[in-house]
Each structure stands twice: as structure tokens, then as C-alpha cells.
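Please open the structure in a viewer and keep the selection panel at hand.

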Amino acid sequence: MRKSMFVVVALLAAALILPAAGFAASKEIKIGVLYPLTGGAAAAGRVLRAGAELAAEIANQKMAGIDMDMAKNAGIKSMGGAKIVLIVKDHQGNPQMGADLAKKLIQDDKVVGILGCYHSSVTKTVSAVCERYGVPMINGSSTSPALTTRGFKWFWRTTPHDKWFTKDLFELLKGLTEGKVKGVKAVPRAELNKLAAACEKTEWGSHVSEEIKNFAGQYKFDLAVNLLYAAKSPDLSSEVQGMIAPKPGAMLFASYASDAILMVKTLKSMKAKPKLIWGQDAGFDKPEFREMGKDIEGILTRSVFLPSVARVKKVSGQVNELFKKKNGVDLDGASARAFTGLQTWVYVLEKAGSAAPKAIQKACNAIKIPGDQLVVPWAGVKFESVGGETGQNVLGMGLIGQYQMQKDGKIGLEIVYPFNLATANMIYPLKGF
Amino acid sequence: MPWSFGAERAGDESMEALLLAILKAVVAGLLMGLVFALVALGLTIIFGVMDVVNFAHGEFLMIGMYSTLLTAPLLGVDPVLTLPISGLVGAALGVLCYFGLIRYLLRGPVIAQLFGTFGLMLFLRNLALMIMGSEPMIVHKGILVGKSFVVGPGIVLGATKLAAGALSLLAFWGAWWLIDRTKTGKALTATSLDKEAAMYMGISTERVNALAWALGGASVAVAGGLLVNFWPVDPNVGLLFTMIAFATVALGGFGSIKGALVAGVLIGMIVQAPPVWDAMLRLAGSNAGSGFTIHSFKYTFVYLIYFLIMVFRPQGLFGWKQ
Amino acid sequence: MEAIKNAFDFSDFPRLDMGVAGAALAFLLVFPALPHSSFAMTTMIQFLMFSLYGMGWNTIGGYAGQVDLGKAQYVGIGAYTTAVMMVRWDVPFWVSMPLGMGLAVGWSFIIGYPLFKLKGHYFAIATIATSLVLKDLFEVWDFVGGAKGLELPLRGNMPDFLYLQFREDYYYFYILLVMFLAGLLFINGFRHSRLGFQLRAIKDNEDVARSLGINVHWSKIKAYAVATAYVAMVGSFHACYNFNIEPEDTMSLDLSVLIALMAMLGGAGSLWGPIIGASILVPMRSYLGSWLGGQAGLAGLDLVIYGGIIMLIAAVQPRGVWGIVQAVRAKRRRT
């Protein structure tokens, strides 16, 4: 009898104490983070996570040597020093799984908001869940333009999207013909006029394909081939053959990692000789891609962050050093944007002063983060609703990098666009395979 | 398909370009098709002998691919030389599956066979996922990698694909010799023609079945070893090849080795045909399509072929067994 | 009246079975009121969906004995009909769902006619082929959104019973539960119907059935149509529940295989089999997937276990869990 009494009392005590522990824990702000930690984009997922975690770490402590406002405080000052806690989940690149995990994060883990998801297709479903439940979501790396044209009130995107990036490409092509590119004399228009494009048949890729078509028309280039291929296709020989046949001057791609590598290998085996090859980031800006070494020399990729940005922005270098120390690699477009996404969360919470959804929503719509606070070479972060878009950051910017052999014998990216930020002469034309 | 009339007619939108495209498709199709044929060979042998359809066939291919890929750097030799290892692994796996699973499935209804081999497929595929991860891998170093020959008016032949085609032919010849010229081969044929009669003649059905699985496993694993030189391997690569193998065997005729060879080459050419369509379009004065193109459908045609063949001519081209 | 009596006629089951079924039903009815995580709710909804998928599959795969591995294409037809009609023409769920079922059944008659000239594994592979072809077509067809799929827009005034849009999952749960019960009763009626008897005769021995005057070909096609109707109905629900569909998610081979596997594991050809199969595999997948999520070395473990179980069942007791139950009972009766 006594033993069972003891058990009952112990349980009652626990029942009373645990909620109290819950109160103590309210000095935490939980943010759900959804990235692909397994699956085809696992390598990207790992650095995305690392970027977000680094930003949270800097926010939660006072750090000297980082010229950011959030490094000066420990935690969110306007909320009594509350610390950011990241709850990271793996969506495996599956939109359905992403949506289910988002529901779990919102209802079971009771997160204040969500950051994610890299894959545009997953961001689409997760943001729909957030919109349904009225939970704020900040997106750092998904570039499908469609994500901000849905009129959502609970979705904000910090990264510029593919419409802008594709325009950058055409500005570069135009600049080449006008002699504006560092180290290259004006190229005769006829040489570059024919284009061939191959994009993967997904949410992201199909939008890139549309943008390429639109801009080709606008800038008056001849888009001889514009095909969509099944992503993760193991055999692209017929597609590549179809692209080579009209003898295009420039070949354009939108592919994730494994396809990008396969495309280049197939081009090589067919001894293709375009004058210019461009990739819309993703697979073209990954360590695995760089493993091909000399084979990729001269290939262009859209990027959002390169270590060489540190030469023009001190804070980028500071954060990059820290990142490199922890993870062994430099920041890249993915990790830098994940960092920026989490950073935006921190600044938004700071401005909102509370974890209430409406307060966060108000803060997001009003925030303006100056460019000197960011590691990415943007003018800042300011979300606007303009031209049919809602919640899109209008102060972002893209870069175009070119792979060139560095002094240390390894392959690295040099900035060739915007022209005024160029860090090296552009290699043109490509040597061909 | 958006048509834009008035596209510039440069030199490549001509009849020559079309003929070149056809030639390229035929050559590429032939090489690829020989590999498809070798993949299908294993399936047709097993089917011919015991009427079992192995859904995990593509997974055997995948294991063959991984075997060649991983043992090459381990032994420090060229991937071409580790092909026999793949063959051995395939044979061993085949025998293991037979004694460990298939033997029991044979006793049950057809539904049991179907699901047994499906379970095997899931098992092998996800085991590979756990062990190898999901990132695709491909041969990077080797004497043949990256080299190609240019033949005639601009046809580029990759060294790895050439070797794959040649070795595949060699494997076919080896299989034919084994089945037609050796006693063991005759035992195999006898069992597939009439199991009971063969038993009365003293041919152990069990042994023949196991042999069929060994041969089947070995040939598809070797095909994998050839394939991985130019086709990336990941745990899910099996499904597409299982379907291609089925379509090939259906087209060639279930149980016919000659059929597998011919059908494999035909299907290889179909899969390489899209650029020919593009060239024809360009000849007719339109851009080679925007958005979806015939390239997206190259494997859809393969599935359609299976369906149409099975409905309209189930014995395929050379099949004698239904 | 006969038909309705048949649907409620569970007399061929021992009282123990009905007791267990009753308890399970009671649990299902009160589940949303019990404390549960959103994860558990998602799992329960998945369980109900797969039970329905399985019940449908069972008609052709169990009662008729023809293993169909291409059901996902009909899920897609159901889902896309609802999605397209809502997105483009604002059609409520209760109109688009029967339309989706109708379209799916129509398509099933079209391909069913040539398809049932085949048997056994040839048939199975042909079903895979047709499913893959349809999926490929949907991936390039802009009208249905191609590979990007379709997103169902939030109409804003939830709860919305006309268009099936709710914030809380328990609405979905109850609607699905009603469908589940209706489906169960229909299958029970089906078992006792003329078509049900015909199928059993066909499964036993096709030639004998034919000699009895049964039109084997048409019976199979009709069973296939019933299976399709179930699957399309759930597909429509799926579109509304997920707010987003794409070919990779609704029409993939993996889904077809899962549907067949669950029914087979539980016991193809029995009333309870698909439900038992779903009740084992759905939670296993859900919980294993969530525990292992993020641990790279273990991704896929749940399917390795699946595959192992399937192999075991296929080798030892192809009639699935229900087959084991019946075998045990038969043994008990003999001793």
C-alpha cells in the first residue's frame, strides 16, 4: 500500500514539476528547419544545416570579431535574451514528407516559425501548410519564381529568384557581344546567337526553362533547343546529342548535382565544342561537381556567394573563417543563404519583440536589414509586395562565376558578373572537349 | 509542338544532317542495345528454365555495378579487369537467392513468386541504400574512361561504350556456346523443354535451376560492370533496367537467347532515336521543340512496346514458349 | 433489399472476429478525442487510406487472383480530376470525386479489355507498364501541371465541407472513416454477390468456370473496374487532404507496389486482410521513418524490413497474416 502511495505522489510531483519546467523553457524560441539531409541532395542539406546552425550560434552568444548586430547580443535582446533553438528535420527531397513534417513541427513541437527547404517543390507544399495554419515561414534558398506569386500572407523569401538570375545570364551574354566583360574583346553576335538549353522537368527546372525562353525572346537570341529532361536521368546521351546538333554558341543548364556531372561527362564524351556553358547554380555549384577538376574549366554558374566576395566584404570573410573552422569547407551559395535566412529570422524576432504570429508577420513586412549586416553581396533584405509578388526580398542580387584553375592547382570560382565586381578575366571561348 | 516558320536555314538543317543523325542513332543504339541485350539475357535464361519472372533482376544489375565500381580501386586495377568479380558476385547471389528463397516460392501459387521476388527487390534495393547511400556513382578512372574515337563524318565512339558492346557480344557467344555445345547446357535446355522428362533422364531439376540462376545472375552482373563505366549507379537504378529487360525479353520472345540479342539492339536504337526526330523537325523548318520533347518519352516507348507486344504478339519475335 | 442484407451479413465470421472488429471500430470512432500527436493522426489517416486502397486492390488481386501492380495510375486520375476541377472551375469535392471515379473506371475498361488477355506475371508486368506510361504522360501534360503538379488553392473559409478544406485533421479523419465503413460494407456485399462467386470460381479453376458458362474475361474486367473505383475515390480525397499533387507522388510505381504489398501481407482474398496489412505496415513505415529520419546510415531500413517480411510471407504463407490465422484455426479444429 505504501509503495503504491509513493508512486502516486511521485507521479503527481512530476506532473506538477514538468509544466514548470516548460515555463522555464519559454526562454527558448523554437524554429523548425526543413532540409534534405538524405537523398540526392544530401550534401547540400548538410551545408545548409551548417549555415543555419552557425547563424543561430552567433545570435545566441556575444561574439567579438563579427561585424553584425546579432553578434553583439546573446539571444534575442527584445525578448529578454531568449535563445534560438533549431529543430532540424529531413524531408528527403519529398514534398509530401516535407508537408507532414511541417505539420508535426507546428502542432507537436510548437515551433514559432519555419526555415527551409531548398527544393522548390518541397518549399511549395511546406509553405502551403504554414499558410493554412497561420505560421510564418522564411525561405532562404528556393528560387522558383512561382513561390511568391501565390498571394500568401505567411511566406517570405530572402533569396532572389530565377527570373532575376536568368536575366543576369542574358545581361552577361549581351555584355560579351558589347565588350563589357573583363578580359574579353567584343564577341560578334552571330557567334553567340544560337542557344541550346536543357532543364530538369521539375518545379524549379521548368520555370527556369520558361524564363530562358522569355528572355531569349526579349534579348533577341535564337533558342534553337529548349528541352526538359527527366531529373535524375541516368542516360542523357540523346538529350545532349539533340543539343549539340544545331551547333549552338552557348549551352544552358538547370540541373541538380548528379545530372550536372552527367551532362558534362556526356558533353565530353561527345567532344562538344560550345563557346560557353552556363549552369543555373544547384548542381553546378557543388563540391562533387568541382571534383571533375580541369574538365569544368571555363564553365559558368550562377551563384549567390563565392569566397572571393570576402575580398570586397569584410564580414563575409569573418563568417567564412568561422564556418570553415567548423565544417572544413568554405561557405557557398547554399550555406550562405541558409545563414542569411536564419539571420533574417533573428532580426525579425528582434523587431517583433514577441513570438506571436501576428507580431512576426508585421515585423517581416516592415523589416529592412542593411547590406553591410549580410555575408551575401546584397543591398539588404526588404520584403515587398510588388508586381504580382508577395513577400519577396527586392534587395538581393546574383553573381555569375566561372571555374578557373587557381594558383594552388585546384579549380575555383571567379566572379565575372556583375562586371564591376569581376575578380578575374573571363575565359572565352571554352576550350572544348 | 510549337512550330516557328521562317527559322534560318543554316547548313545543319539539311538532309545531310538528318542522315548523320540517323547514322549516329544507329551506332549509339547498337552499342547501347548490346548492353541491354546482355541485361535481358539473364532474365530469359531463368525464365526459360523455370518459368519464374525475377522482379529483382534490376537489383542484380545494380549489385554488379557496385561490385565493379568498388573493387577496382580496392585492388588498384582498371574497372575492366574487375568484371569477372562482378560475374562471380552475380552468380553467387543468384545461387543464394535460389536456395534461400526461390526454391520455396516455386511450391506456391504464382502470386507467391511475384511477391517473393518483389520482396527481394525491395530488400536488395534498400540494403544498398543503407550501405552505399543514395548519391550516384560512376567510374572516374580507367584506361578507357574519357577516351573516344571519331569515325567517319563526325560520329564519336566512346571507348567505354565500344568495349561494353564488344564484351557483351563475347558474353552472348559464351552463353550460346555453353548452352549449345556443352552437356550442362543441354541439361538446361532439356529441363526447360520438359521438366519431368528431363528428371527421368537423370537430370537433377534442382541443380539445373540453381545453374540457371547462377548464369542469369552472372550475366546481368557483368552487364552492370560494363554499364557503370558510362552510366551512374545508385540504389534505384534497377527499376528502369528491370523494365527494359522485360520489354526486351517480351519483344525477343521469352526464353529465346537469340531474341534477347536482337530485341536488345532494337530497343537500344529506339532509345537513341529522339535526335533523329529533332533533325526531321529542323528539316521541316521548325525549332526542335520547346518544353516537352520526344526525349522525355524515350523510355515510355519501351513500356508501350512491352504492352503492345504482350497483347498482340505474346511470343515476341523468336519465342517458342508462352 | 437482398443486396443490403448481404452487405451487413457477417455471419460467416466467428464471434471472436466480430468482437475484435467491434473493438477496433470503437477505437477508431473515439480516436480523435484521445490525446494524440499530429503525427499519430497523420498515421491513422494514412492507415485508413491504405486500407481503402487495399480493399479495392483485393477485388482484382485477391478475389480474382490477378496481381495488379499498376493501381497508382487510377489514384492519379481520381486525384487530378478533383484537383483540376477545383483549380480551374471551382467544382466542389462531392461532384468531382464521382466524376473522377467515373473517368478512372472508364479508363480501366479501355485498358482492361486487352490487359485481361494476359495472366500471371505477364499481366503484372503489363500493369506496371501501363501505369508508367500514364505517369510519363502526366509529367509532360501542361493541362495538369506537368511534373510540377497542381497546388490546390486555399479557399479561406475553413472548415469547408463542400471543398474538403479543414485546418484540423480530425475532420478529414471522420470523413475518411465514413468512406472506410462504406467501402467495407460494399466489399462485404460484393463477397456475397454473383460477381463475387464468379470470381472465386475463376480463381479456383478458370477452365471449369468457363465451362459453367461464366464469361471469365468480363468478370475480370468488372472486378478491375470495382478496384479502380475504390482507388480513384481515395485519390480524390488525397488531393484535398494534401493540397498538392504531382505525378511522382500520386502515380509512382512505389505507391502501386505498396498498395498491393499491404493487401498481400494481410491476406489477399479475405475481407480483413487488406486492413490487417495496412495496420501493420503503415505505422511501421511512419514510425520507423520518423525515428530514422536524418540518420543517413539507416535510411531505407523500414523497407529492408518490409522486403524481408514479404519474402518470408511469400515463401511460408502466401495467404498472408489472415492465412496464418486461418491455418492456426484449422489446426485447432483438427486436434
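The model is predicted.

**First stop: chains A and B**

Select chain A and chain B together. Here 32 residues of chain A are in contact with 35 residues of chain B. The area buried between the two chains is about 2600 Å², and carbon and sulfur atoms give 48% of that area.

Next, display the side chains of A:E239 and B:K298. They meet in a salt bridge, with an N to O distance of 3.0 Å. The count of salt bridges between chain A and chain B is 1. Residue pairs in polar contact between these chains, with both residues at pLDDT 80 or more, number 3.

Now colour the side of chain A that touches chain B by secondary structure element. At least two residues of this side come from each of α2 (42–60), β7 (222–229), α9 (237–244) and α10 (257–269) of chain A. Which element gives the most to this side? It is β7(A), with 7 residues. By residue class, the side of chain A that touches chain B comprises 12 nonpolar, 11 charged and 9 polar residues.

**Second stop: the nonpolar cores**

Select B:F55, B:F115, B:W231 and B:Y306. These residues belong to the largest nonpolar core, which has 201 residues, and they touch the most other members.

Then centre on B:F115 and show its surroundings. Neighbours within four places in sequence aside, B:F115 is in contact with C:W57, C:V67, C:A260, C:L261, C:M264, C:I310 and C:A314.

For comparison, move to A:A50, A:V309, A:Y347 and A:V375. They are among the 128 residues of another core, which lies apart from the largest one.

Finally, select A:F165, which lies in helix α6 (residues 162–177) of chain A. Is this residue buried or exposed? A:F165 counts as buried because its relative accessibility is 1%, and the cut-off for buried is under 20%.

Display the residues around A:F165. Leaving out residues up to four places away in sequence, A:F165 touches A:T143, A:T159, A:P160, A:W278, A:Q280, A:R302, A:V304, A:R337, A:M397 and A:G398.

Conventions: Residues numbered from 1 in each chain as written. Chains lettered and ligands numbered in written order. Predicted model: local features only at pLDDT ≥ 70, side-chain atom pairs only at ≥ 80, totals over all residues. Heavy atoms only, no water. Contact = heavy atoms within 4.5 Å. Buried area = accessible area lost by both parts, 1.4 Å probe. Salt bridge = Lys/Arg side-chain N within 4 Å of Asp/Glu carboxyl O. Polar contact = N/O pair within 3.5 Å; in protein donor to acceptor, adjacent residues only side chain to side chain. Helix = DSSP H or I, 4+ residues; strand = E, 2+ residues; numbered from the N terminus. Nonpolar A, V, L, I, M, F, W, Y, C, P; charged D, E, K, R; others polar. Core = buried A, V, L, I, M, F, W, Y, C linked by side-chain atoms within 4.5 Å. Buried < 20%, exposed > 50% of the residue type's maximum accessible area, 1.4 Å probe, protein only.
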